[in-house]
Number of protein chains: 2
Amino acid sequence: MINKKQVMESLDMLLVPGVMRSIVKMNLVRNIDISDGKIDITLASTALSPGTQEWLKNKINNIAGGFTGISEVNINVEDAPVKDLNQIGNVVAVMSGKGGVGKSLVASLAAVALTRDGYDVGILDADITGPSIPKMFGIGDRPSGSESGLLPVTSKSGIEIISINLLLPSEDDAVIWRGPLIGSAITQFWEEVLWGKLDYLIVDLPPGTADAPLTVMQQLPVSGIIIVFTPQDLTAMVVRKAVKMVQQMGKPILGVIENMSYLYVPEINKKIELFGKSQAKDMAQAAGAPLLGQLPIDPALAKLCDEGNIERYDSDTYNDFAHNLTEAFSLWQKNSRANEKRR
Amino acid sequence: MINKKQVMESLDMLLVPGVMRSIVKMNLVRNIDISDGKIDITLASTALSPGTQEWLKNKINNIAGGFTGISEVNINVEDAPVKDLNQIGNVVAVMSGKGGVGKSLVASLAAVALTRDGYDVGILDADITGPSIPKMFGIGDRPSGSESGLLPVTSKSGIEIISINLLLPSEDDAVIWRGPLIGSAITQFWEEVLWGKLDYLIVDLPPGTADAPLTVMQQLPVSGIIIVFTPQDLTAMVVRKAVKMVQQMGKPILGVIENMSYLYVPEINKKIELFGKSQAKDMAQAAGAPLLGQLPIDPALAKLCDEGNIERYDSDTYNDFAHNLTEAFSLWQKNSRANEKRR
């Protein structure tokens with residue numbers, strides 16, 4: 001006789017059209033009951049159009065009815081609130097305080113690293129007035145959804161993405177909003193998007209220490225922050241403001257990353273420190289967190305970002321960073337679990 | 001017999017202690033009457049401490065009493081509102097939408113260029129959460145003032161500067177404010193700072209199209225905008241949002257500047273386009289404004305900024321930019337005057 005786990009595994013192959021993500025990962029399968037050759041399945045219809053619901057019911061019927069010994073399949077559809085379906089292991093915000101240091105780049109590279117490591121990852125682009133994430137991943141599809149929720153757009157390598165730029169008529173359109181509206185857009189990206197089951201949700205913050213980071217740190221269950229900086233003194237000063245904000249809000253800093261550390265010029269086999277001496281040690285100390293990496297300026301990476309192919313990036317320095325990041329995350333989770341046990 | 005103009009010229013040598021700016025430039029001399037060997041001078045006490053007022057009265061007494069044929073000097077002190085004393089020729093905002101493209105750098109270099117050209121220039125740092133201006137100019141003095149107003153801090157070459165960083169206990173301190181507070185800080189920098197007589201007030205905007213640029217464009221008499229961008233496609237997309245905002249707010253764009261255009265490596269006598277091909281033509285076209293310059297990445301400039309010595313910068317590309325900027329400004333003013341006459 002077939003068991004629940006086997007049914008779940010089969011349903012995990014069923015991708016929601018448009019999203020191309022499995023109904024199990026989206027946490028839409030609410031219940032499975034098997035008894036006397038009968039399977040009862042409860043499916044959440046949240047964020048699904050009526051057409052998609054019908055399509056899924058047919059598919060589930062075929063899959064479940066195909067098991068040996070099953071003579072009856074009942075599919076019960078219910079509208080569950082997004083918050084009941086979202087199971088997000090860790091919300092990690094990428095912050096800097098300073099603009100143009102590569103927050104979106106680091107957020108994206110971190111998501112790619114965690115995805116390559118086998119985790120389910122999403123990116124919430126909290127930069128409402130200067131969103132960069134969709135372009136880096138080359139996605140432009142409008143998110144689908146219904147009155148009960150919005151679905152993220154899945155990238156080529158399976159990262160779930162929501163950004164205001166996916167909702168604008170044109171990617172050039174300006175969002176001329178004052179702070180309260182920006183805050184409410186971010187909370188909607190949290191409360192009304194069906195993220196489903198994710199190991200990590202990376203939040204890409206805009207520059208500054210105003211509405212967006214305040215809303216994210218106050219309204220979202222942020223487990224930790226990654227701080228991005230570049231070598232310039234001037235940048236370091238502004239980034240220290242962000243570090244102070246994080247500390248004042250009582251959030252842990254998981255690590256710091258120096259971006260644009262240097263440029264390697266192969267013709268002369270030389271590293272040029274374009275923006276001055278590395279600030280890595282000082283920043284790690286100020287943040288009380290490990291240095292996760294020093295990324296050089298890499299014209300090849302800039303090109304991949306412009307082409308929407310950041311997921312293809314590969315380099316030694318990136319692999320070091322990816323390794324340090326996933327190591328730091330698993331160490332941090334081990335410590336969190338140990339702390340919880342101790343309580 | 002001495003005339004008003006001569007008295008004014010002598011008073012223009014009198015610098016307010018702490019600010020090191022003349023009482024005439026600060027527009028504190030409200031009236032001069034000369035008759036029968038008597039000079040009556042009305043001095044505004046706005047933003048001056050009682051001690052400074054006394055010191056100035058003594059000095060004015062000495063200067064005016066020293067003219068041949070003058071036997072009596074009367075100094076009348078009155079508290080005039082800041083708005084009556086501020087005579088600002090042009091408010092020019094430097095904007096980008098994108099962070100880290102060098103808005104503060106361009107704002108500062110523009111101020112330096114106009115100052116070298118003989119204009120009186122101020123900088124209003126409207127980046128409340130990531131203020132960079134004071135560090136670039138190497139100023140750290142707390143602005144002086146009284147209940148009736150705040151005085152800007154004067155840079156080495158005579159540029160008047162106000163920034164939130166000059167008012168914080170430490171330059172690293174974070175300003176964790178939501179939008180409305182940010183807007184009100186900016187309007188205070190406009191309404192409660194005694195700028196006096198300036199030909200140009202350069203406003204350095206933070207990234208984004210939210211509270212700060214909205215407040216500046218709605219509350220300040222902005223005559224025009226300078227747009228800064230870098231070559232990356234990703235940046236250009238976000239900068240086009242800023243251009244759209246400016247156009248929607250009905251403000252003229254005076255010119256566009258490409259920063260970080262390339263890096264010149266002397267060892268191989270080669271320009272490396274680190275962030276991709278120049279976007280200069282497209283951006284100038286999108287903005288409907290002239291290209292004022294293409295600034296390379298210059299490690300020497302980064303160093304000067306970190307040392308607080310941006311006023312010492314000199315390079316061929318900078319001189320080209322400075323020339324184009326002052327040319328564009330005088331052309332634009334000529335056109336404005338012509339348009340006014342035509343009306």
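This is a predicted model: local features need pLDDT of at least 70, side-chain atom pairs count only at pLDDT 80 or more; totals for chains, interfaces and linings use all residues.
**Stop one: where the chains touch**

Select the contact between the chains, where contact means heavy atoms within 4.5 Å; 53 residues from chain B and 53 residues from chain A take part. The area buried between chain B and chain A is about 4800 Å², with 59% given by carbon and sulfur atoms; buried area is the accessible area (1.4 Å probe) that two parts lose on being put together, summed over both. In chain B, the residues that lose the most area to chain A are B:Ile176, B:Arg178 and B:Lys241, together 14% of what that side buries.

Now show the side chains of B:Arg178 and A:Asp211, which meet in a salt bridge at 3.5 Å, N to O. The count between the two chains is eight salt bridges, each being a side-chain nitrogen of Lys or Arg within 4 Å of a carboxyl oxygen of Asp or Glu.

Elements that give two or more residues to the side of chain B that touches chain A include helix H6 (179-191), helix H8 (233-248) and helix H10 (299-307) of chain B. The largest share of that side, nine residues, comes from H8(B).

**Stop two: helix H10 of chain B**

Select H10(B), where B:Leu301, B:Ala302, B:Leu304, B:Cys305 and B:Asp306 are buried; buried means under 20% relative accessible area, exposed over 50%, and partly exposed in between (1.4 Å probe, protein chains only). What covers these buried residues includes helix H8 (233-248) of chain A, together with helix H4 (103-116) and H5 of chain B. Just after H10(B), B:Gly308 takes a positive phi of about 80°.

**Stop three: strands in chain A**

Move to strand E4 (residues 38-44) of chain A, which is mostly covered, with five of its seven residues buried. Strand E3 (residues 29-35) of chain A runs antiparallel to E4(A) and is joined to it by six bridges; two strands pair if DSSP finds at least two bridges between them. To see one such bridge, select A:Asn31 and its partner in E4(A), A:Thr42. The hairpin of E3(A) and E4(A) has two residues between the strands, and in this hairpin A:Asp36 takes a positive phi near 50°. E4(A) also pairs with strand E5 (residues 72-78) of chain A, in the parallel sense over seven bridges, and here A:Ala44 has A:Glu78 in E5(A) as its bridge partner.

**Stop four: two loop residues in chain B**

Select B:Met20, which has a positive phi of about 55° although it is not a glycine, and which is found in the loop between strand E1 (15-16) and strand E2 (21-22) of chain B. Is B:Met20 buried or exposed? B:Met20 counts as exposed because its relative accessibility is 51%.

Finally, select B:Ala47, in the loop between strand E4 (38-44) and helix H2 (50-65) of chain B. B:Ala47 has a positive phi of about 65° although it is not a glycine, and B:Ala47 counts as buried because its relative accessibility is 2%.

Conventions: Residues are numbered from 1 along each chain as its sequence is written. Chains are lettered from A and ligands numbered from 1 in the order in which they are written. Side-chain values use heavy atoms; hydrogens and water are left out. Helices (H or I, at least four residues) and strands (E, at least two) are DSSP runs, numbered from the N terminus.
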